[in-house]
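Q: Let us read one model together. Please show me the sequence and the structure.

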Amino acid sequence: MIRVLIVDNQQLIRQGLRTLLELEPDIQIVGEAEHGQAAIAQMDILQAESQEPDVVLMDIRMPIMDGVAATQAICQRHIAAEVRRFPHTKVLVLTTFDDQSYVVAALQQGAAGYLLKDTPTEELAAAIRAAHKGYTQLSPGILPKLTAGLTAPAAITQPPPELLELTRREREVLMMIAQGANNREIAQALYISEGTVKNHVTNILSRLSLRDRTQAALFANTHLHHL
């Protein structure tokens, strides 16, 4: 069972999310909070009861303590002990705001993903499961905002050696990942099956020693002039 804490300053949103997510057989809502400070206080209580949330659904704009500050507090490491305060908790941002500054700040502070509130319930549930497993989750359109400011250093004239290991098709797939396309969209654009796309993505991550699609997109935008 995946334990979830819902943090949002709007009670109707919290109640709606609880009602929808409680229909999922593997998701348990262990609490709600109206802002970041209340969320952290509740997490301390839940942790003491061995009910530490696995995933926190975190809004961004809230009074008293916003989602970025709360994400930092949840994901930060204690300087002396070098351990996280809540070591088993992942933060998944769920908000209406897709501003680049919010996206970058939340991910820099340790968020496991950034979703918009128009995400369908089944996709939200899937994102919670994926975040719980350690995968980064981004709504469509968020990745381009994340990578928009990246440019390749002018001094670099040779491509990274590992990039040369990719086939032409794998470079095409990597370029589309950088544009925020999912496997189905890539398959349709390149006239190949989704299974083939998955194999290409696996090969790309392996050859470039990357963890997930987000890192692949960042890599591609950094070395865009070599693709």
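Q: At what angle do helix α7 and helix α9 pack?
A: Axes are lines fitted to C-alpha atoms, for helices over the stretch in contact, and angles run from 0 to 180 degrees between N-to-C directions. In this predicted model, α7 (residues 168-178) and α9 (residues 194-207) pack at about 90°, with axes 10 Å apart. The two helices are therefore roughly perpendicular (65 to 115 degrees). Helices are DSSP runs of H or I, at least four residues, and strands are runs of E, at least two, numbered from the N terminus.

Q: Which residues of α7 and α9 meet?
A: Contact means heavy atoms within 4.5 Å. R169, E170, V173, L174 and I177 of α7 meet H200, V201, N203, I204 and R207 of α9.

Q: Which residues in α7 are buried?
A: Buried means under 20% relative accessible area, with a 1.4 Å probe and protein chains only. In α7 these are E170, V173, L174, M176, I177 and A178. Just after α7, G180 has a positive phi of about 90°.

Q: How many residues of strand β1 are buried?
A: Five of the six in β1 (residues 2-7). Pairing requires at least two DSSP bridges. β1 pairs with strand β2 (residues 27-33) in the parallel sense, over six bridges. V7 stands opposite A33 in β2.

Q: Where does pLDDT stay under 50?
A: pLDDT is the predictor's confidence in each residue, from 0 to 100. It stays under 50 over residues 150-156. The protein averages 87, and 90% of the residues score at least 70.

Q: What conventions apply?
A: Residues are numbered from 1 along each chain as its sequence is written, and side-chain values use heavy atoms, without hydrogens and water. Local features need pLDDT of at least 70, side-chain atom pairs count only at 80 or more, and totals for chains, interfaces and linings use all residues.

Methods: Parallel < 35°, antiparallel > 145°, perpendicular 65-115°, else oblique. Buried < 20%, exposed > 50% of the residue type's maximum accessible area, 1.4 Å probe, protein only.
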